Amino acid sequence: VENYDALISDCLATREYQAEVAELEPFGYDLFSGVPTTFAPVTEIPVPQDYVLGPGDTIKVFTYGNETGSNAYTVDRNGVITVEKLGPIVVAGLDFSEAKQAIEDRYATTMIGVKTNVTMGELRSMRVFLLGEAANPGSYTVSALSTITNALFVSGGINKIGSLRNVQLKRNGKTVTTLDLYDLLLRGDTRNDVRLQPGDVIFIPTVGDQISVFGQVKRPAIYEIKREHHLDQLIQLAGGVLPEAYAQNVSITRFANNSEKEILNVDLATRPGQQVKVKAGDFVEVSAVLDEIGNSVELLGHVKRPGVKAYSKGMRLTDLLGSRANLKNKIDLNYGLIRRLKPPANDIEVLSLDLSQAYRAPGSNFDVVLKPEDKIFLFEKGVSRESTILPLLLELEQQSGDKEKLQQVSVGGRIKVPGSYPMQNVMTVMDLVRAGGGLSDAAYRLEAELSRDDLNENYELVKTHINVDLERLLAGDQSANLQLQSRDRLVIKEVPNWRENNAVEILGEVQFPGEYTIKSGETLGQLMQRVGGLSPNAFPQGALFIRKSLQEKENEYLQSLANKLEKDITLLSIEKNTEAVELGANLLSQLRETDAVGRLVIDLNSVIANVGHEYKDVILQNDDKLYIPEKTQEVTVIGEVQFPTSHLYDGRSSRNVYLQRSGGFTAKADAKRVYVVRADGRVVNREYSSWFSQGDYADINPGDTIVVPLNADRVRPLTLWTNVTQILSQIGIFAASAKTVGIL
């Protein structure tokens, strides 16, 4: 698909537009959210002087002077109050100030020396009607002081299809006034919010013409228009535009001829644009200015004050950075990048920086002259730069094609920051080494290898490998500084036999225990000489030697055993062999939870006596661990015996005696497969009957462990299950020893 990226961008923009329009709400209707559905008459507010009295109102008269008293008089249906000693007084139809004056005059002329204070008592209630598009239309009892808005709150407000701008008050079949709630909401104008009279009808017609306004305005919403015919009037309804609004390009989407949509672009900053007429159903979008900041550069990465900076003509790198105090510690002064746009297509090019040279020679070519919209990236020494460089490489890859090769090279091996890097127009091997943070300690400084891809005359890929004379290059010989091509790969070789401080740990009964660095090919016998040999209390037969590579292999083997055992259990579950399934599940659980020890069985006495011997000494590996315990007097019995425990070695007792001391076999014991694990890790496995009958005392030594396995044959006669039980027992013995001495 041509212009795929542009198509995707348009689709995303359309989705965002649709989502923003869908979120718009009609303006003003939330005024009535949460209002009560009942409304008690208001009686605690001051009565205005122009309040017109009617039947049901109560007037309180306080007298003082020659007579003191207090009386309340209710206006009857004839509009009259009857006062003792004064007779009837007509007050209906009078406002409060007129009624008050009439009562005071009657007292003054009839009862000389009596003064009065006239106030309003309880006000009458009256019934009004709310009809049309009210949230809850019907008849409501309200206070005589209620206005149109009070009555609207009585009914719960106006529903979403009712008009806020044409609320009509009807009295005796005629429209008395029309209330525009926008005047109240937008300007606080209550002049048309008149007081109601009994029998009044508040009628709410359906909503009038509406226009949606969204984008960079203060109140995005759907507005009902009444007197607003021009764009600037509509924007004023929405509260005006935000500071980030791009007023020069306001978009109006409308239905043309009721058949299709059309879009108008209007410059709201001009008078003609402000006077553009709006129509019902318009969608008015005020877009934002672009995120790009003109006439600026951006500083990113390992600096104290990153961000967008003002650009000035002729500005150089050191002008932007200022003094070195603005740079963070551990900054890589030898390598940085500039992402720069190339007109007219705004493709990018990536330039490398050498800050050390720029500070050393301000104003030189190293002190690069910046351009508007440059992005400068600075890095920390020895830290991966992938998160910054990968997006640049993707941009370079997108713009590569028939006319321009991919501007990318890579470096690996013994370099501080290996990876792929943008290629400059002219880039050398030394430039790539500088990009990679320099050579590591293990780098072979005599030569490196450069791999290159070329196409022959038949357009077939040809790979070539070029030796780089690194020794001459590091000495400053520029003839060895080869120029790079697209997709070149530089490999920095490692110094032969290089080891990163390989070390082993030796603990226990030696003269000088601790961690020791080893050289290539060094043996355990040689290390024993370095640690001063065994201490007088050492028990070399019980030496525990742990190797990480063996541990990894054993874990793989245990995983394989667990998988086979799981298959057996599945078959047994099909056969409904409950006892075997329970036993197998228990073994499988133990096997899954068991970690291999990685013990290498050694004869330490033989190692010490045959230092450097090809087969009797042990060549050490990194992370090997050796523990030499103290002399021991225990013989341990574990497994299916009545009381697994350790016994004191006496030099006389046979294996059977130690078994009897532990209470003998349990019902689940496999007496034919009893075996002994020597202190050095070797396993002695004989038929129990022959061993028992011989009573060979010499077969039990200090530190030995006698293991009585579970008889797995009684529920599942498979060699696998028996092997699993033996392996679990042996690993348990070794792991317990390793944890006891603290090397696992």
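A residue is called buried under 20% relative accessible area, exposed over 50%, and partly exposed in between (1.4 Å probe, protein chains only). The structure is a predicted model, in which local features need pLDDT of at least 70, side-chain atom pairs count only at pLDDT 80 or more, and totals for chains, interfaces and linings use all residues. Residues are numbered from 1 along each chain as its sequence is written, and side-chain values use heavy atoms, with hydrogens and water left out.

Salt bridges were examined next. A salt bridge requires a side-chain nitrogen of Lys or Arg within 4 Å of a carboxyl oxygen of Asp or Glu. Under this rule, 30 salt bridges are counted. One of them links Asp 680 to Arg 682, with the closest N and O atoms 2.8 Å apart. Asp 680 counts as buried because its relative accessibility is 10%. Arg 682 has a relative accessible area of 45%, so this residue is partly exposed. Elsewhere, salt bridges with shared partners join Arg 165, Asp 180, Asp 183, Arg 187, Arg 227 and Glu 228 into one network.

A further salt bridge pairs the side chains of Asp 477 and Arg 472, at 3.0 Å from N to O. Asp 477 is partly exposed, because its relative accessibility is 29%. Arg 472 is also partly exposed, at 35% relative accessible area.

Arg 434 and Asp 431 form another salt bridge through their side chains (3.5 Å, N to O). Both residues, Arg 434 and Asp 431, are buried. They belong to helix H10 (residues 429–435) and are three residues apart, so about one helical turn separates them. Helices (H or I, at least four residues) and strands (E, at least two) are DSSP runs, numbered from the N terminus.

The loop between strand S22 (419–422) and H10 holds Thr 428. Thr 428 is buried because its relative accessible area is 14%. Contact means heavy atoms within 4.5 Å. Leaving aside residues up to four places away in sequence, Thr 428 touches Asn 481, Leu 482, Gln 483 and Leu 484.

The surface also carries a nonpolar patch. Patches consist of residues with over 30% relative accessible area and no salt bridge; like charges are joined within 9 Å, and nonpolar side chains (Val, Leu, Ile, Met, Phe, Trp, Tyr) within 5 Å. Accessible areas come from the Shrake-Rupley method with a 1.4 Å probe, and for residues only the protein chains shown count as cover. Phe 129, Leu 131 and Phe 203 make up this patch, with about 230 Å² of accessible area together. Phe 129 sits in strand S6 (residues 125–132). At 33% relative accessibility, Phe 129 is partly exposed.
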